[in-house]
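Let's take a friendly look at where a ligand sits in a protein, and at the spaces inside and on that protein. Keep the picture at hand as you read.

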Amino acid sequence: MQTDVQTPAAAMPAPKLGRWANANELPVIDFTPLSGSNEEAIERVAREVHDACRDIGFLSIVNHPVPPAKIREIFRQSQRFFALPLEAKMKAYMGNSNLFRGYLPMDEPGQKKAYRGKAIDGFQPHLDPTRMRARKPHKNEAYQISLELPDDDPDVKAGKPLHGSNLWPEGLPGFREAMLDYHSTMTEFAALLASVFARGLSLPSDYFAQFYKKPLIQVRLLHYLPQDTQAALEGGDSRAHQDAGGFTMLQQDDVGGLEIKSKSGEWLIVPPVENSFVVNIGDSMRMWTNNRFASTLHRVVNHYGRERYSVGVFANPDYDTLIRPLPTCVDAEHPPTFDKMLSGEALLFLYSRVWPSKGDPDKVSEY
Ligand SMILES: O=C(O)CCC(=O)C(=O)O
Ligand SMILES: [Fe+2]
């Protein structure tokens, strides 16, 4: 999700409405074999996931290990949070800290930017000024947490960017516990998915564990008001983006509205399936796989006349993860497409350009 307003690019074609994806356009993958010991069946799942990540960058997962009760509970907590008066939500305003956590109101102008971090060419290509459109009113609000760390954590003490504690709202008993519980459940699910990616990429199944020891995984609650078709289309389209980190695990409610850009250039609406997770690849994982996996452009268009809630979990690796093309993704036909990129710095580069923070607006870090 982006909140920035940049110079509009000249003469962009008018956005087009999406159409519902057919069953064969968005793979639905059954994770049942992963709770058993049939190696062949597990390998088959890993292969299906690999092919979906390569061909589309999006897939749906059914029969995963996250209990439906936890999914119901996170939606319940999300509704409680967004129902608070604006003033109460603003107490946890993201711009009150420099950790990119907390509340983002609707139509956040996001003026206070402190450009930090560092990324390499090709990371987050939709941020390129020549491709940006003016941001239109988007009528969504968000609240996010990341890894909760105490003040005496060594990285927090050392002032390491993005490390610290979350901004919690007041007057919502049980909210903090439920958010942290979902964060930890999803951290486990992320580890399972990472092992499936590793297998599919012909790496040892625990390959990614070394990069997910203190991962900056985010849980983001999102709330979208319905808009009339034209406003919803323009607002959603102006925020089309590719996710930045490793991979995303999304719950959307039954309203619909998530749309992905197909290779043929059409916008496909991802059908909501109760309890399934929509999983998609972020730019860091695309680069890690030397561009084998796709980080697909997506947007949300809510013109369905109902409020929409979704919960995204962004599985970012440890800050210090040095992303280099994976050995199994490089060969004579696929030479390395880049040298290296530090995960935490790259995320900081993005966040500090699209989200508000308390930092000095002119500060540019030197790494
Ligand atoms: O709300 C959704 O379905 C998608 C949100 C999203 O793409 C994001 O926050 O990165
Ligand atoms: Fe996204």
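Predicted model: local features only at pLDDT ≥ 70, side-chain atom pairs only at ≥ 80, totals over all residues.

## Sorting the residues

## The largest cavity

By the rule used here, there are four cavities of 30 Å³ or more. The largest cavity holds about 320 Å³ of space. Its lining is made up of 26 residues, and Leu 222, Tyr 224, His 241, Arg 299 and Val 300 lie nearest its centre. Looking at the elements, β6, α6 (229-237), β7 (247-252), β11 and β12 each give two or more residues to this lining.

## The ligand inside

Where does ligand 1 sit? You will find ligand 1 in the largest cavity. The elements that give two or more residues to the shell around ligand 1 are β6 (218-224), β11 (298-300) and β12 (308-315).

There are 13 residues around ligand 1, and Arg 220, Tyr 224, His 241, Arg 308 and Ser 310 come nearest. Sorted by class, this shell has seven nonpolar, three polar and three charged residues.

## Polar contacts with the ligand

Which distances can you look for here? An N or O atom in the side chain of Arg 308 is 2.8 Å from an oxygen atom of ligand 1. For His 241, a polar side-chain atom lies 2.9 Å from an oxygen atom of ligand 1. Asp 243 also has a polar side-chain atom by the ligand, 3.2 Å from an oxygen atom of ligand 1. On its own, ligand 1 has 300 Å² of accessible area, and the protein covers 96% of that.

## The second largest pocket

One more space is worth a visit. The second largest pocket has a volume of about 260 Å³. Its lining has 16 residues, with Ile 56, Lys 261, Ser 262, Lys 263 and Thr 296 nearest its centre. By class, five of the lining residues are nonpolar, five are polar and six are charged.

How values were computed
Residues numbered from 1 in each chain as written. Chains lettered and ligands numbered in written order. Heavy atoms only, no water. Near = heavy atom within 4 Å. Polar contact = N/O pair within 3.5 Å; in protein donor to acceptor, adjacent residues only side chain to side chain. Areas by Shrake-Rupley, 256 points an atom, 1.4 Å probe, with all protein chains shown as cover. 1 Å grid on protein atoms, 1.4 Å probe; cavity = no way out; pocket = protein on both sides within 12 Å on 5 of 7 lines; lining within 4 Å. Sits in = over half its atoms within 2 Å of the grid points. Helix = DSSP H or I, 4+ residues; strand = E, 2+ residues; numbered from the N terminus. Nonpolar A, V, L, I, M, F, W, Y, C, P; charged D, E, K, R; others polar. Points joined across faces, edges and corners; volume = space filled by probe spheres on them.
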